[in-house]
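Work through the exercises below with the sequence and coordinates open beside you.

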Amino acid sequence: QVQLVESGGGLVQAGGSLRLSCAASGRTFSAYVMNWFRQAPGKERESVASISRTGGNTYYTDSVKGRFTISRDNAKNTLYLQMNTLKPEDTAVYYCAAYSEYSGRYDYWGQGTQVTVSS
């Protein structure tokens, strides 16, 4: 069982930065590919970034490439998302999720943290 708790969201002006964290309980954090998703009001949830189990490989959706950086610290059971040069269109609830390559599913989700970017 893994519990995920996001933090670090808030209100920021366009051009500003935020760093999201996702703290995981349990001993199996390193067994999961970790992901950040977001969902804006009235829109479908979208994948923002993902990182392999060891952190050696990362993926970003086109709209955040060059602005966001995903990272993980397996010793601290923590996932991060550094968000720079934020835009109003980045406003959303951000979720972390643990993907199991064994089950082929996103086995665990956090409760989400609100990010609001004002223009």
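**Exercise 1: an aromatic cluster**

Phe37 is buried, since its relative accessible area is 8% and buried means under 20% relative accessible area, exposed over 50% and partly exposed in between, with a 1.4 Å probe and protein chains only. The model is a predicted one, in which local features need pLDDT of at least 70 and side-chain atom pairs count only at pLDDT 80 or more, while totals for chains, interfaces and linings use all residues. Residues are numbered from 1 along each chain as its sequence is written, and side-chain values use heavy atoms, with hydrogens and water left out.

Solution. Begin with the rule: rings of Phe, Tyr and Trp (its six-membered ring) pair if their centres lie within 6.5 Å, and planes under 30 degrees apart count as stacked, over 60 as edge-to-face and the rest as tilted. Trp109 counts as partly exposed, at 30% relative accessibility. Trp109 also forms a tilted aromatic pair with Tyr106, at 5.7 Å centre to centre and 50° between the planes, and Tyr106 is itself partly exposed, with a relative accessible area of 35%. Finally, ring pairs link Phe37, Tyr99, Tyr106 and Trp109 into a cluster.

**Exercise 2: charges over rings**

Task: identify which charged end sits over the ring of Phe37 and which over the ring of Phe29.

Solution. The criterion is that NZ of Lys or CZ of Arg is within 6 Å of the ring centre and within 35 degrees of the ring normal. Over the ring of Phe37 sits the charged end of Arg45, 5.7 Å from the ring centre. Over the ring of Phe29 sits the charged end of Arg72, 4.6 Å from the ring centre.

**Exercise 3: strand E9 and its partners**

Task: determine how strand E9 pairs with E4, with E10 and with E11.

Solution. Two strands pair if DSSP finds at least two bridges between them. E9 (residues 92-100) pairs with E4 (residues 33-39) in the antiparallel sense over seven bridges, and Arg38 stands opposite Tyr94 in E9. With E10 (residues 105-109) the pairing is antiparallel over four bridges, and Ser100 stands opposite Arg105 in E10. The hairpin of E9 and E10 has four residues between the strands, and in this hairpin Gly104 takes a positive phi near 75°. With E11 (residues 113-118) there are three bridges, again antiparallel, and Val93 stands opposite Gln114 in E11. As for accessibility, seven of the nine residues of E9 are buried.

**Exercise 4: the disulfide**

Task: find which cysteines form a disulfide, and describe the handedness of the link of Cys22 and Cys96.

Solution. Searching the whole structure finds one disulfide, the criterion being a pair of cysteine sulfur atoms within 2.5 Å. Cys22 and Cys96 form this link, with their sulfur atoms 2.1 Å apart, and the 60° about the S-S bond makes it right-handed. The pair joins distant parts of the chain, Cys22 in strand E3 (residues 18-24) and Cys96 in strand E9, 74 residues apart. Cys22 is buried at a relative accessible area of 0%, and Cys96 is likewise buried at 0%.

Terms used. Helices (H or I, at least four residues) and strands (E, at least two) are DSSP runs, numbered from the N terminus.
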